[in-house]
Amino acid sequence: MKTLSNITNSITSKLSLIVVLFMNAALSFAQAPKETIELKSSLGTLKQINAGLLNVGYTEAGPSNGTPVILLHGWPYDIHSYNEVVPILVAKGYHVFTPYLRGFGTTTFLSKDTFRNGQQAALATDIIAFMDALKIDKAVIGGFDWGARTAVVTAALWPERVKGLVSVSGYLVVNLEANLKPLPPKAELGWWYQYYFATERGKLGYSQNTYDFNKQIWQIASPLWNFDKATYDQTAQSFDNPDHVAIVIHNYRWRQSLEAGEAKYDNLEKRLAAKPEIKVPTITIGSDFDGAFADGKAYANKFTGKYEHRILKGIGHNVPQEDPKAFAQAIIDVDGFKN
């Protein structure tokens, strides 16, 4: 029969063990990187890293020794456009990164004094800074909308950093001089929101109605895509970024030469104004959104490396989310191109 002393010693020993275990758990939790969060999606792990002017939010998935792939979203979309693309690439052994662009999601500026600039050279410079921060020397880069433009600009200015390129809607480099020339009325109608954003009423309207405005853009840009509320809401959270409205408005006003960019990007923009050829291996994708330009003939001569154009019928603007298999296959195939 146990004595009172034995019982007391036993209880004391167990309490000591519990305290030790609790302290170890607390220490482990304190040492865990706070910027790492496991997403409840197929994108992988959400992380944050300081890169250039930004603290970039991004997801990472796949083996660390796999070929790096960087997937860039557009407006008004976010990284969740790649929910079904990422698992396909990871299964093929790729190391996949999906960063939030400036003004979206958890990407924020390091300084409150930094100009909220949406011009193309600024966004592309962000991607190079992101690659430098993660020590990614070279990657396959793919995107659509703003993401495609950013990917193409990156390939044009820093081809040594791009192993392969996938661009929905092709050669999207902005030429400010060309943008001053009017288009036929039917074509102009398609860009109504750019003219809306040119006004202070448009800026205020977008600020007050971001959720509904962007949902309408989704419906217009992808009329055959029957997305549900949960799918849209998952992305809509990224529009709550404190710099979202400023970046979007500046992006479109800059394109119309209504607002200036920053002088530090002038040399890069001068090179882009010369309409540089893209020499890296490339696959471009045309969809219903591109209308008469879906065949890619208007820009095929801008891609002088190994090149292929693909057409997706019945698919709107958000190609990675509407046809993830086709987009993922383009990434895989362009990685296999040999110049």
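Guide: In this predicted model, Arg161 counts as buried, because its relative accessibility is 12% and buried means under 20%.

Visitor: Which residue does Arg161 form a salt bridge with?

Guide: Its partner is Asp132, and the closest N and O atoms of the two are 2.9 Å apart. The pair links distant parts of the chain, since Asp132 lies in helix H3 while Arg161 lies in the loop between helix H4 (146-157) and strand S8 (162-168), 29 residues apart.

Visitor: And Asp132, buried or partly exposed?

Guide: Asp132 counts as partly exposed, at 44% relative accessibility.

Visitor: How many salt bridges does the structure hold?

Guide: There are eleven salt bridges, and one of them joins Asp126 to Arg102, with the closest N and O atoms 2.6 Å apart. Asp126 lies in helix H3 (residues 120-133) and Arg102 in the loop between strand S5 (95-99) and strand S6 (108-109), so this pair ties together parts that are 24 residues apart in sequence. Asp126 is buried, with a relative accessible area of 9%, and Arg102 is buried too, with 1%.

Visitor: Okay, now the surface: which residues make the nonpolar patch?

Guide: Leu183, Trp191, Tyr195 and Phe289 make a nonpolar surface patch of about 350 Å². Phe289 lies in the loop between strand S9 (282-287) and strand S10 (307-312), and counts as partly exposed at 34% relative accessibility.

How values were computed:
Residues numbered from 1 in each chain as written. Predicted model: local features only at pLDDT ≥ 70, side-chain atom pairs only at ≥ 80, totals over all residues. Heavy atoms only, no water. Patch = residues over 30% accessible without salt bridge, like charges linked within 9 Å, V, L, I, M, F, W, Y side chains within 5 Å. Areas by Shrake-Rupley, 256 points an atom, 1.4 Å probe, with all protein chains shown as cover. Salt bridge = Lys/Arg side-chain N within 4 Å of Asp/Glu carboxyl O. Helix = DSSP H or I, 4+ residues; strand = E, 2+ residues; numbered from the N terminus. Buried < 20%, exposed > 50% of the residue type's maximum accessible area, 1.4 Å probe, protein only.
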